[in-house]
Amino acid sequence: MKICIAENLTVLRHKHGYTLEALAEIISVSRQSVAKWEAGDSYPDITNCIKLATLYKISLDELVNRPLEAVANNDFLPKDNRICGVVEITQQGCIKIPDSVMELFDVHCGGKMLLLAERGQGIALVKCSDF
C-alpha cells in the first residue's frame, strides 16, 4: 500500500480553505512543519495525525493511505458514521455509484437495489438482499 499522506494533506488543506499558517495554528505546530509534511520531507507524528484526521473528519487510514484521486474527487468520506459518496446521474437517469462504495457494500453491476425516498428528506439505495 502506497503512503499518500503528503499529497492528501495538501489536497485536504486546500479543499477546506486553510492556509499553511491557519492549519499550523489549529493543530499547534509550526507552519514549517506543515510545509515539510506536504512536501514529503517528514511525516506528522501520531498525535498530529489524529488531530488532522479529526479536523478533516476522515479516518487515520484514509489520511495516510487513501489515494489522492479519492480525496480530490470526494468519492468516499465518512461523516458522522455515515458513508457519503458523490454519484453521477446520466441523461437516461442512470446512477454511477463510486467504485469504492460499491466495493465496500459488495454491490455489483446488474444487482438490484431498493430505492427509498421521502419528500424533503432525500433518496437512499439499499441492497435488496438486506430485506
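This is a predicted model: local features need pLDDT of at least 70, side-chain atom pairs count only at pLDDT 80 or more; totals for chains, interfaces and linings use all residues.

Trainee: Okay, how many salt bridges does the structure hold?

Mentor: Two. In one of them, the side chains of Glu38 and Arg13 meet, at 2.6 Å from N to O. That pair links distant parts of the chain, with Glu38 in helix α3 (residues 31-39) and Arg13 in helix α1 (residues 5-15), 25 residues apart.

Trainee: Is Arg13 buried or exposed?

Mentor: Arg13 is buried, because its relative accessibility is 8% and the cut-off for buried is under 20%. Glu38 is buried too, at a relative accessible area of 14%.

Trainee: And which residue does Arg31 form a salt bridge with?

Mentor: Glu21, and their closest N and O atoms are 3.8 Å apart. Here Arg31 in helix α3 is linked to Glu21 in helix α2 (residues 20-27), 10 residues apart. Arg31 counts as partly exposed at 31% relative accessibility, and Glu21 also counts as partly exposed, at 46%.

Trainee: Switching topic: how many helices and strands are there in the chain?

Mentor: Seven helices and six strands. From the N terminus the order is α-α-α-α-α-α-β-β-β-β-α-β-β.

Trainee: What share of the 131 residues is buried?

Mentor: 26%. As for the surface, the chain exposes about 9000 Å², with 55% of that supplied by carbon and sulfur atoms.

Trainee: And what about contacts between residues 24 or more positions apart?

Mentor: They account for 41% of the contacts with a separation of 6 or more.

Technical notes:
Residues are numbered from 1 along each chain as its sequence is written. Side-chain values use heavy atoms; hydrogens and water are left out. A salt bridge is a side-chain nitrogen of Lys or Arg within 4 Å of a carboxyl oxygen of Asp or Glu. Helices (H or I, at least four residues) and strands (E, at least two) are DSSP runs, numbered from the N terminus. Buried means under 20% relative accessible area, exposed over 50%, partly exposed in between (1.4 Å probe, protein chains only). Contact means heavy atoms within 4.5 Å. Accessible areas come from the Shrake-Rupley method with a 1.4 Å probe; for residues, only the protein chains shown count as cover.
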